[in-house]
Amino acid sequence: MAEKLKPAERLKIPRHPMPAQDPVERRSNFSEVALGYTPEMAMEEAQRCLECKKPHCIDGCPVGIDIPAFIVEVREGRFDKALEIIKQTNTLPAICGRVCPQEDQCEQVCVVGNKYKPVAIGRLERFVADIELTGGTVSMPAAAEKTGYKVAIIGSGPAGLACAAELARMGHDVTIFEALHKPGGVLVYGIPEFRLPKSIVQYEIDNLKKMGVEIRCNYVIGKIATVRELMEEWGYDAVFIGTGAGLPYFMGIPGENYIGVLSANEFLTRVNLMKGYNFPEYDTPVQVGRRVAVVGSGNVAMDCLRTAMRLGSEHVICLYRRTRAESPARLEELEHAEEEGIDFRWLTSPVEVLGNDDGMVTGVRVIKMELGEPDASGRRRPVPIEGSEYEIEVDEVIMAIGQGPNPLVTQTTEGLELNRWGNIVADEETMATSIPGVFAGGDIVTGAATVILAMGAGKKAACGIDGFLRKKREAVPGASAAAV
Amino acid sequence: MATLISKETIAPQFTRYVLECEPIARKHRAGQFVMVLIHDHGERIPLTIADSDAEAGTITLVVQAVGKTTMEMELLEPGAEIQVAGPLGTPTHVERVGTCVCIGGGAGIAPLYPIAKAMKNAENHIISILGGRTKELVIMREEMEAVSDEMIYTTDDGSFGRKGLVTHALNDLIEERGKPDMVIAIGPAIMMKFVAEMTRPHEIPTIVSLNSIMIDGTGMCGGCRVGLGTETKFVCVDGPEFDGHKVDFDLLMKRQRTFVEQEEEARRRFEEQHRCRAMEGAEVS
């Protein structure tokens, strides 16, 4: 048992940095950048937790992990027990430990953080989850007795996977319909290997399959069947829509259709899902500019910048109309990108893409911005500085300015209430939509957000669906679906 | 997953594939396509559904082997399992308009067929103009004849029908018989462009079906975007059929050449490998 330290002693321990691949080396490979804590590092980092009587961190977690409880187990070296605690509320910890914006969630409210650096909760979560991946005991959540109810889940991204795991645990028969040929959604097509190894996503998906979840790839719901058909003809008792934010936005500036201007989705899908970085071993080509500009500064933009660097681009430029402080990217990604040599041009916005007679991109004309009054989002609104335009020579421009809801499902589902941006309106508690038996969660409801928020919504929806199915059973006295 | 039931060479480079995939066959409407991936290292390519049989649960694809993937596809044997997603795209708007001229050039005849068939079933008078470089490249003649009231053939070399281009035949048709109620043209972008230019002064509604670069086919990547008047549209979800008078064909043709070097390299490598294998086989026997 580890020596129990007094609070003052614990606070003296500095927060352990994350071991990472050397920036120069990693710029030319797709291996994971953050290497993870050793058991010694994890146990010492765990000592920093004050085990608050009224912990704030749990409230800061979108899925409400019992953070102090799992950290105590880490401190004592009982990693399996720690994993069990995490898995009670989070089915995909190896993923969340890597991609959650902890600095805006659990770690933001950590009491230690008031005076010192907060406990590295995310890194500890990842450490615990990785123990399982590297051969620790697999703790499969115990499934309840089969209910006989069938639930269809549309989309196998974080919302769908979390919803499926919960429903399977509750004893329902779950089928996930995925439009692409591989399950995982944004975890597979969007987030690069160097940030989230695909073997980890595959491991979690295999776990779901072991729990009895069926995954059907190449099923484009809205086309091959509508939501109504799933319920009326395919025999599903409830449907969860977790189709994400897959529709790329463009800026609407001149020259945007030149060859060499592409959406972040296209660039990342070619590389991540189709393994374009291995062309011609893999058949999908990807454009690699000598000089690349990425527009935007969120996590998706960071992924594009760092991917372009790894594909061999000589100069990779980030164009963002606000400053570093307003950048929506996860801090670790921003720091990693800086270390890797990305040329950040803050307060800079493109006004036109330039091209030649063959339709190829030759540059981008930008304008400098300054921050004005706060806008509706509370951030200071960027205002163009007149006469500050200049040209940057580039041969590729990647638009990473956000994604909207893909309308394939919503437009084919009559009676489904949408908001003015095309997102589905869902009850905050149950995630129920305007159609009985149809639930929704994740980016399709909130607009582009984070993996963990989508997972939280998927979990909530699972409870909502379970409640709906129980009521359905009560409405037919004595008849459980299993008995029919 | 879909299972290859049969394949048949119907012309040099052209193969007809019949695939078993019941849910897609049941839902298919004229004008729609599927995304096909033939193996783990493959690329996803859009292919128009040339025909479907809901009862048999099959769809038919007619594919011209022009690139690495379509050449490799020719090597598939019946029983092979491939990944197929669909039916994608917005179906053809089918209604009774009167006389409808269906123009198909080369590989464009395959996607034209289900549309001509649907328009015929909607009691339109179908005049088909089919063209190709030479006689044997004017594919699916029998099928097209079955759904057409009149047929006009053109070949570049004069080996079949009249010598010349489909636009020549269209021009004469308009001059001799007056303007038809609608024109549907599918073929190389340059052909569709000239058909649209010809019908524009006559104000004949002209529908074209575009073949652009896609990855997912569900509106996610935006690689297929096309200029339509002042707007930008996605071929995969807004199309593939558009008003031919609004399409920016010059942009489309440029964008189709995005990966021309990589496509060339992949095809060259494939042909080399394939030739080597064929030669090894010859030595053994």
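**Salt bridges and contact surfaces in a two-chain model**

Let me begin with one pair: Arg269(B) forms a salt bridge with Glu281(A), and the closest N and O atoms are 3.9 Å apart. The pair joins two chains, since Arg269(B) lies in helix H9 of chain B and Glu281(A) in the loop between helix H13 (264–273) and strand E7 (291–295) of chain A. Please keep in mind throughout that this is a predicted model.

How accessible are the two partners? Arg269(B) has 30% relative accessibility and therefore counts as partly exposed. Glu281(A), at 46% relative accessibility, also counts as partly exposed.

A second pair involves that loop of chain A. The side chains of Lys68(B) and Asp283(A) meet in a salt bridge, at 2.8 Å from N to O. This pair crosses between chains, from helix H2 of chain B, which holds Lys68(B), to the loop between H13 and E7 of chain A, which holds Asp283(A).

I turn now to the interface as a whole. The contact takes 43 residues from chain A and 46 residues from chain B. Together the two chains bury about 3600 Å², and 57% of that area is on carbon and sulfur atoms. How many salt bridges cross the interface of chain B and chain A? The rule finds 3. It also finds 17 residue pairs in polar contact across the interface of chain B and chain A, both residues being at pLDDT 80 or more.

Which elements of chain B supply the side that touches chain A? At least two residues each come from helix H1 (22–27), helix H2 (68–73), strand E7 (81–88), strand E15 (231–234), helix H8 (249–256) and helix H9 (260–284) of chain B. The largest share, 6 residues, comes from E7(B). By residue class, this side of chain B divides into 17 nonpolar, 16 polar and 13 charged residues.

In chain B, 18 residues of domain 1 are in contact with 23 residues of domain 2. The area buried between the two domains is about 1600 Å², of which carbon and sulfur atoms give 66%.

Across this domain interface of chain B the rule finds 2 salt bridges. The side chains of Asp51(B) and Lys117(B) meet in a salt bridge, with 3.0 Å from N to O. On the side of domain 1 that touches domain 2, strands E1 (2–11), E2 (14–20), E3 (33–37), E4 (45–48) and E6 (58–64) of chain B each supply at least two residues. That side of domain 1 of chain B divides into 12 nonpolar, 3 polar and 3 charged residues.

Finally, a search of the whole structure finds 52 salt bridges over all chains. One pair within chain A is Arg98(A) with Glu32(A), whose closest N and O atoms are 2.7 Å apart. Arg98(A) lies in helix H7 (residues 93–99) and Glu32(A) in the loop between helix H2 (23–26) and helix H3 (39–47) of chain A, so the pair ties together parts 66 residues apart in sequence. Both Arg98(A) and Glu32(A) are buried.

Technical notes
Residues are numbered from 1 along each chain as its sequence is written. Chains are lettered from A and ligands numbered from 1 in the order in which they are written. This is a predicted model: local features need pLDDT of at least 70, side-chain atom pairs count only at pLDDT 80 or more; totals for chains, interfaces and linings use all residues. Side-chain values use heavy atoms; hydrogens and water are left out. Contact means heavy atoms within 4.5 Å. Buried area is the accessible area (1.4 Å probe) that two parts lose on being put together, summed over both. A salt bridge is a side-chain nitrogen of Lys or Arg within 4 Å of a carboxyl oxygen of Asp or Glu. A polar contact is a pair of N or O atoms within 3.5 Å; within protein, one must be able to donate a hydrogen and the other to accept it, and residues adjacent in sequence count only if both atoms are side-chain atoms. Helices (H or I, at least four residues) and strands (E, at least two) are DSSP runs, numbered from the N terminus. Ala, Val, Leu, Ile, Met, Phe, Trp, Tyr, Cys and Pro count as nonpolar, Asp, Glu, Lys and Arg as charged, and the others, Gly among them, as polar. Buried means under 20% relative accessible area, exposed over 50%, partly exposed in between (1.4 Å probe, protein chains only).
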